[in-house]
Amino acid sequence: MKESWKRVIVLTSIVAISVVVLSSIYNITEPEIAKQKEIKFEEMLQSIFPLATDYSGKEGIYEIYSNNKRVGYALMANGTGYGGYIEILVGVNEDKTIKGIKILKQTETPGLGAKITEKWFTDQFSGKPIGDIRLKKDDGKIDAITGATISSSAAVDTVYEGYMEKIKMMEEK
Amino acid sequence: MIKDFTNGIVKMNPIFVLALGLCPALAISTSIDNAIGMGASVIFVLLFSNLMISLLRNVIPKEVRIPCFIVIIATFVTIVSLALQAYLPALNESLGIYVPLIVVNCIILGRAEAFASKNPVSRSVLDALGIGLGFTLSLIIISIIRELLGTGGISVFGYGVTLPFSPATFFIMPAGAFLVIGLLLGLFKRVGVIR
Amino acid sequence: MNELLALFIKYALVNNFILTMFLGLCPFFGVSKRLGDALSMGIAVTFVMLSASVITWLIAHFLLIPFNIQYMEIVVFILVIASFVQLIEMFIRKTSVSLYRALGIYLPLITTNCAILGIAEINFREGFSLLGSVASSLGAGVGFILALAIMSGMRERLEISAVPESFEGLPIAFITASLLSLSFIVFRGIGL
């Protein structure tokens with residue numbers, strides 16, 4: 001009987017100590033972790049809007065300001081590609097054309113579909129109205145990656161659909 | 001005593017001899033930086049778990065030892081995970097789910113059960129360092145091969161060289177990992193370094 | 001519905017746990033050459049994966065998130081998985097001797113199997129719904145069984161082939177796995 005109690009006490013104590021230790025560590029690291037997430041997001045925004053100084057918004061729709069003047073929006077777009085989820089940050093100018101895109105998450109094939117993150121591919125989106133955001137073979141203006149049509153069209157679809165969805169949400173407000 | 005340390009590097013090399021901890025070895029060996037990061041994390045967890053378990057070896061009842069070990073190991077893995085998220089987010093992203101998976105890395109529970117729970121602290125610490133180092137070195141060797149052949153160059157902490165030949169992406173792929181380890185295992189056996 | 005099917009196929013084929021993500025290798029390389037044993041192991045793993053996914057999802061969404069203790073995730077998940085496997089083993093041992101002999105002996109090995117914690121982690125990190133977690137874990141399990149079954153067949157052949165002595169056993173198994181993994185690349189072509 002005493003043996004059973006010892007087992008329970010030891011195991012429970014160890015768990016209790018674990019909880020205490022981890023919650024302390026968490027309290028110490030949590031502000032830093034939150035900061036890292038914010039830094040990463042700001043870096044993404046900066047890469048699309050180099051002159052941005054501030055932003056506001058939530059739920060995938062952000063307004064971008066440069067010295068207190070709004071210069072555009074950033075929209076979160078989600079889709080599925082060859083290998084999994086694709087997440088793209090779409091920068092939109094005041095005139096609703098695309099300012100630029102940044103691929104945040106993708107798990108396409110390295111060396112092939114993963115090339116959607118390369119500058120030459122993503123640069124194609126800049127300056128175009130949403131109507132042009134289709135692959136050339138679909139009467140649009142975006143060149144697909146040779147040998148990676150599925151990843152390319154996944155990226156294009158993600159941008160297009162994300163844009164449409166978020167713009168609609170903005171207009172409904 | 002010193003043998004406790006050196007054993008882990010060659011004679012009881014966790015990856016090539018004991019065939020433990022293969023999951024991260026295959027998954028993380030695509031770049032030397034990642035290998036070093038993973039190795040360091042494993043050494044940290046191994047060291048402190050062995051330490052704690054050795055300290056508590058006369059306190060923990062035999063019947064509940066596995067759950068106790070697991071909680072202790074999981075605590076240190078969580079510490080590593082939080083630290084990476086806060087201070088080395090890029091590495092954290094590269095290592096991905098393989099960070100929490102350190103807790104089920106057979107090496108750590110294996111050493112806890114086989115060594116730390118039965119030996120004094122000083123020996124357990126040396127064992128942990130030796131095994132951890134053996135693991136890290138093996139991981140680095142595999143990474144050098146895969147990174148070199150797969151991307152055409154190698155780089156460590158930003159300093160690298162690119163060699164003038166066309167790389168074979170195959171080596172970065174999972175299939176390449178299997179092949180490299182298979183060949184290395186066969187090679188080491190042939191040369192008599194192991195078994 | 002389409003999404004669930006996509007998740008199933010993703011973890012069964014495109015991101016096969018063994019051949020692409022390297023999770024669950026110990027049973028993979030230790031698997032016997034008998035197809036029956038391989039299937040038993042695979043089914044045991046699938047069952048644990050599915051149960052573990054559901055349980056950890058419930059814990060994550062009703063305990064960890066509401067109380068803001070997500071950092072306890074690793075400790076809680078692995079404790080839950082270990083306890084669950086222990087319970088199942090005791091249950092099977094008491095209720096069905098034949099089932100125990102078929103599956104039960106693999107269970108202790110499954111606790112520290114990367115695949116179980118792996119799928120729980122994936123579900124948590126990717127934020128799958130409960131149904132999504134079920135789909136992904138079923139897919140992972142089926143993929144696991146598939147790889148295990150093919151491998152056991154190949155090992156049977158390897159046993160009777162002429163392999164250089166230093167490559168016998170683990171080395172040639174790895175090389176075989178390499179080819180198998182390569183063949184699974186073809187699944188990346190599924191338009192999901």
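How many bridges pair strand 3 of chain A with strand 4 of chain A, and in which sense? The legends below answer this and move on through a predicted model.

**View 1. Strands 3 and 4 of chain A pair side by side.** Strand 3 covers residues 69–80 of chain A, and strand 4 covers residues 85–93. Nine bridges join them, in the antiparallel sense. Ala74(A) stands opposite Gly91(A), a residue of strand 4 of chain A. Strands of a sheet pair through backbone hydrogen bonds, either parallel or antiparallel.

**View 2. The sheet of chain A is open and has five strands.** The strand order is 1-2-3-4-5, and the pairing is antiparallel. Strand 1 (54–58) and strand 5 (98–105) of chain A stand at the edges. Each has a single partner strand, so one side of each is left without a neighbour in the sheet. From one strand to the next, the twist averages 20°.

**View 3. Chain B touches chain A.** Here 20 residues of chain B are in contact with 18 residues of chain A. Helix 4 of chain B (residues 65–87) gives the most to chain B's side, with 12 residues. That side divides into 15 nonpolar residues, four polar and one charged.

**View 4. Leu56(B) sits in a loop of chain B.** The loop lies between helix 3 (32–55) and helix 4 of chain B. Is Leu56(B) buried or partly exposed? Leu56(B) is partly exposed, because 17 other C-beta atoms lie within 10 Å, and a buried residue needs 20 or more. Leu84(B) is 28 residues away from Leu56(B) in sequence and 28 Å away in space, C-alpha to C-alpha.

**View 5. Helix 6 of chain B has buried residues along one face.** The helix spans residues 106–116 of chain B. Its buried residues are Ile107(B), Ile108(B), Arg111(B), Ala112(B), Phe115(B) and Ala116(B).

**View 6. Chain C touches chain B.** The contact involves 31 residues of chain C and 31 residues of chain B. Helix 2 (25–30), helix 4 (73–95), helix 7 (114–126) and helix 9 (170–184) of chain C each give two or more residues to chain C's side. Helix 9 of chain C gives the most, with eight residues. By class, chain C's side has 22 nonpolar, seven polar and two charged residues.

**View 7. The largest nonpolar core has 120 residues.** Those with the most contacts inside this core are Ile73(B), Val103(B), Ile78(C), Ala115(C), Ile116(C) and Leu117(C). Helix 4 of chain B supplies the largest share, 14 residues. Beyond its neighbours within four places in sequence, Leu117(C) is in contact with Pro100(B), Leu101(B), Val103(B), Val104(B), Phe77(C), Ile78(C) and Ile81(C). Another core, of 29 residues, lies apart from the largest one. Its members include Val92(A), Ile116(A), Ile133(A) and Tyr163(A).

Definitions and conventions:
Residues are numbered from 1 along each chain as its sequence is written. Chains are lettered from A and ligands numbered from 1 in the order in which they are written. This is a predicted model: local features need pLDDT of at least 70, side-chain atom pairs count only at pLDDT 80 or more; totals for chains, interfaces and linings use all residues. Two residues are in contact if their C-beta atoms, placed from the backbone, lie within 7 Å. Helices (H or I, at least four residues) and strands (E, at least two) are DSSP runs, numbered from the N terminus. Ala, Val, Leu, Ile, Met, Phe, Trp, Tyr, Cys and Pro count as nonpolar, Asp, Glu, Lys and Arg as charged, and the others, Gly among them, as polar. A residue is buried if 20 or more other C-beta atoms lie within 10 Å of its own, exposed if 12 or fewer, and partly exposed in between; C-beta atoms are placed from the backbone. Two strands pair if DSSP finds at least two bridges between them. Axes are lines fitted to C-alpha atoms, for helices over the stretch in contact, and angles run from 0 to 180 degrees between N-to-C directions. A nonpolar core is a set of buried Ala, Val, Leu, Ile, Met, Phe, Trp, Tyr and Cys residues joined through C-beta atoms within 7 Å. The arc is that of the directions from the helix axis to the C-beta atoms.
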